Amino acid sequence: MGSDVQANYFDGIHARAHPVTLQVVDGALHILGDGVQRRIALAGVRWPERTRHGMRVTQLSEGGELHCADSAAWDAWSRQQGLTESLTVRLQQSWRGVLASLAALLALLGALHTWGLPLAAQASLLVLPQSVDIGLGEVTLHAVDTQLMRPSQLPLAEQARVQAAFAQAVAHLPTEDVPEWQLVFRSSRIGPNALALPGGTIIMTDELVYLVERDTDVLTAVLGHELGHLQHRDGVRMLVQTTLLGTVGSLLLGDFSSLLAGASALLGQAHYSRTAEHAADVSAVQLLQAASINPTAMVTLFDKLAVVREAQNTDGAAEAGPDSWLGIAFASHPTDVERIRFFQQAGTGR
Ligand SMILES: [Zn+2]
């Protein structure tokens with residue numbers, strides 16, 4: 001009680017470090033410093049992994065980070081506050097723990113197989129710890145960064161503007177409906193696109209921002225769709241459903257590393273079901289309506305993407321290429337008439 005620790009706070013927009021004092025009171029993290037006063041529910045805090053040496057970096061769901069160079073002081077404090085007591089955090093401390101729980105889960109899944117795969121996948125998501133989503137997301141982001149994308153060229157102020165517009169829209173949703181998310185920008189040779197990775201990272205390409213002439217309503221519509229995928233845990237659901245079932249055997253034999261490598265590649269190649277896409281569209285419309293943004297903003301994007309595709313086709317140069325890597329990304333599916341009509345009708349209130 002009353003114990004605190006010193007750290008540096010970064011607001012996620014500016015590079016400046018703010019020295020702050022951290023306290024946990026009534027289930028919330030209080031960040032106090034010169035000009036800084038934030039209170040964040042513990043559920044919105046991604047604590048650092050204790051296995052890492054050196055700097056402790058804590059990510060905040062509403063943006064921003066806490067850095068603590070004194071890892072011994074940090075660890076003592078977090079232990080004292082009981083912050084490492086949750087099952088999820090303990091599992092995060094070891095990949096082996098995470099994957100062992102995944103193995104146990106898959107054994108269960110195998111037993112449920114007779115019930116039908118979608119139902120078994122649904123059941124297994126309920127017991128699959130969030131740390132697995134986060135781990136898969138980290139692995140996939142690494143693959144994306146090494147194979148497909150480059151650092152964003154978008155000015156930081158522009159990134160912050162898009163992020164703020166989306167955060168403002170999301171604030172209209174009931175908090176229990178909002179999964180953990182963080183928005184990152186990348187420059188990409190796959191052109192205008194966006195995708196959500198398991199665990200909460202949404203990647204938006206610079207090219208998408210420019211395609212829609214930086215219209216934050218349209219970008220919020222896309223991000224709302226991606227937030228829907230996060231809310232429904234579609235990435236992990238798809239992995240469980242389509243690929244992992246067959247690997248129960250090798251998992252139980254302890255062949256974890258190859259599974260992990262495979263999971264990232266498979267996530268790149270697979271795509272969401274039509275049902276999952278529609279559910280994400282429904283989530284997007286809910287968000288847009290809650291934030292008083294006309295859902296036809298999404299139709300604007302569909303139109304612009306159609307023009308891009310047309311140009312690629314007549315070019316002939318942009319063959320399949322790396323597109324196949326990103327089946328789960330927004331622009332990778334041709335837009336069908338039904339999707340367009342769905343947003344149009346939501347826009348006119350019919
Ligand atoms: Zn989608």
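Predicted model: local features only at pLDDT ≥ 70, side-chain atom pairs only at ≥ 80, totals over all residues.

Student: How many bridges join β2 to strand β3?

Tutor: Start with strand β1 (residues 5-10), which pairs with strand β2 (residues 18-25) in the antiparallel sense over 5 bridges. β2 also runs antiparallel to strand β3 (residues 28-33). The number of bridges joining β2 to β3 is 6.

Student: Which residue in the turn between β2 and β3 has a positive phi?

Tutor: β2 and β3 form a hairpin with 2 residues between them. In that turn, a positive phi of about 50 degrees belongs to Asp-26.

Student: Which residue takes a positive phi in the hairpin of β6 and β7?

Tutor: β6 and strand β7 (residues 65-68) are antiparallel, with 4 bridges. Arg-56 stands opposite Cys-68 in β7. The hairpin has 4 residues between the strands, and the phi near 100 degrees is that of Gly-63.

Student: What is the bridge partner of Val-45 in β6?

Tutor: Strand β5 (residues 45-46) runs antiparallel to β6, joined by 2 bridges. The β6 residue that partners Val-45 is Leu-60.

Student: Which residues form the uncovered face of strand β6?

Tutor: In a regular strand, side chains alternate between the two faces of the sheet. The covered face of β6 (residues 56-60) holds Arg-56, Thr-58 and Leu-60. The uncovered face holds Val-57 and Gln-59.

Note on methods:
Residues numbered from 1 in each chain as written. Buried ≥ 20, exposed ≤ 12 C-beta atoms within 10 Å, placed from the backbone. Pairing = 2+ DSSP bridges.
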